[in-house]
Amino acid sequence: MAKEAIQRGFEYLVLSDHSKSAFYANGLREERIREQHLQVDALNKQFAPFKIFKSIESDILNDGELDYSPDVLASFDLVISSIHSNLKMNEEKAMSRLLSAIENPYTTILGHMTGRLLLTREGYPVDHKRIIDACVSHHVAIELNAHPRRLDIDWRWIGYALDKGVLISINPDAHHTDGYQDIRYGVLVAQKAGLTSKQNLSSFTRKEFEDYLHKKKKAKGI
Ligand SMILES: [Zn+2]
């Protein structure tokens, strides 16, 4: 993935495997996270100045908790929090899970906000305004998942998010090197919504991205 990212001209890669609750996707248990981090350190030496950021797509559990302990969450450069299980829920339940994940100081980015799969699955009901407002208060960026079946957050809500000053992060959700090309769909739909590169976290340079993560960790006291 790193070699392909370098070839495509990217300065960095945010490596976000699935977390341990996503057993169907061979999500990482704690021992494998430690192994992965050692490997990332070695690759970062080899590929410098290109950088692999240590990330994870941590499951938001049914009670709104993330599926690792704080010390494990603290070992990542950033954490993307997403719901992957118990998707059949009413708005009240969805909101309580999402809001508690947004309030979690380790959440850097809220992943695919509604869980929708276009043409297949509706997505659970959410109060977009309240989620966006909570992301403002808790310094959380909102993913625009660029997979053409997701495109989640819906582009019609990006304007409100930008008015409130939330950063969007166009993420490819790449599960293999081919997945990088989905960035194109995310960019096109984001442009339709009026997003500029300044308001898109994944457009930050490596240095800007590092500074952003550093500042957020300080603001959240972690
Ligand atoms: Zn996901």
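**View 1. Lysine 54 in its strand of the predicted model.** In this model, which is predicted, lysine 54 has its place in strand β2, made of residues 51–59. Lysine 54 counts as partly exposed, because it has 19 C-beta neighbours inside 10 Å, and a residue is called buried if 20 or more other C-beta atoms lie within that distance. When residues up to four places away in sequence are not counted, lysine 54 touches Leu15, His37, Val40, Phe76 and Asp77. Lysine 54 and glutamine 36 are 18 residues apart in sequence, and their C-alpha atoms are 8.7 Å apart in space.

**View 2. The whole protein chain and its sheet.** The protein chain has eight helices and six strands, and from the N terminus on its elements run α-β-α-β-α-β-α-β-α-β-α-β-α-α. The six strands form an open sheet with parallel pairing, in the order β1-β2-β3-β4-β5-β6. Because β1 (12–18) and β6 stand at the edges and each has a single partner strand, one side of each is left without a neighbour in the sheet. Along its principal axes, the C-alpha trace of the protein chain spans about 45 × 35 × 35 Å. The radius of gyration of the protein chain is 16 Å, which agrees with the value near 17 Å that a compact globule of 222 residues would have. Of the contacts in the protein chain with a separation of 6 or more, 71% are accounted for by residues 24 or more positions apart, and buried residues make up 36% of the 222 residues.

View 3. Helix α5 covers residues 128–137, and its buried residues are Ile131, Ile132, Ala134 and Cys135. These residues lie on the same side of α5, because they cover an arc of only 160° around the axis. Such a pattern can be read with a general rule in mind: an α-helix has 3.6 residues a turn, so residues three or four places apart point the same way. On the other side of α5, Lys129 and Ser137 are exposed. The buried residues of α5 are covered by elements that include α4 (91–103), β4 (109–110), β5 (141–145) and α6 (158–164). After α5 comes histidine 139, whose phi is positive, near 55°.

View 4. β4 and β5 pair in the parallel sense over two bridges, and leucine 110 stands opposite isoleucine 142 in β5. The chain crosses from β4 through α5 to β5, and this β-α-β crossover is right-handed.

View 5. Strand β6, residues 168–171, pairs with β5 in the parallel sense over four bridges. Leucine 144 stands opposite isoleucine 170 in β6, and the passage of the chain from β5 through α6 to β6 is again described as a right-handed β-α-β crossover. Asparagine 145 has asparagine 171 as its bridge partner in β6. Ile168 and Ile170 point one way from β6 and Ser169 and Asn171 point the other way, and all of these residues are buried.

**View 6. Leucine 110 and the nonpolar core.** In soluble globular proteins, nonpolar side chains tend to be buried together. The largest nonpolar core here has 48 residues, of which Leu110, Cys135, Ala141, Ile142 and Ile168 touch the most other members. Leaving out residues up to four places away in sequence, leucine 110 touches Ser81, Ala101, Ile102, Cys135, Val140, Ile142 and Glu143. Cys135 is also one of the buried residues of helix α5, while Ile142 is the residue of β5 that leucine 110 stands opposite.

Definitions and conventions: Residues are numbered from 1 along each chain as its sequence is written. This is a predicted model: local features need pLDDT of at least 70, side-chain atom pairs count only at pLDDT 80 or more; totals for chains, interfaces and linings use all residues. A residue is buried if 20 or more other C-beta atoms lie within 10 Å of its own, exposed if 12 or fewer, and partly exposed in between; C-beta atoms are placed from the backbone. Two residues are in contact if their C-beta atoms, placed from the backbone, lie within 7 Å. The arc is that of the directions from the helix axis to the C-beta atoms. Two strands pair if DSSP finds at least two bridges between them. A crossover is right-handed if, with the strands pointing away from the viewer, the path from the first strand over the helix to the second runs clockwise. The radius of gyration is taken over C-alpha atoms; the globule rule is 2.2 Å times the number of residues to the power 0.38. A nonpolar core is a set of buried Ala, Val, Leu, Ile, Met, Phe, Trp, Tyr and Cys residues joined through C-beta atoms within 7 Å.
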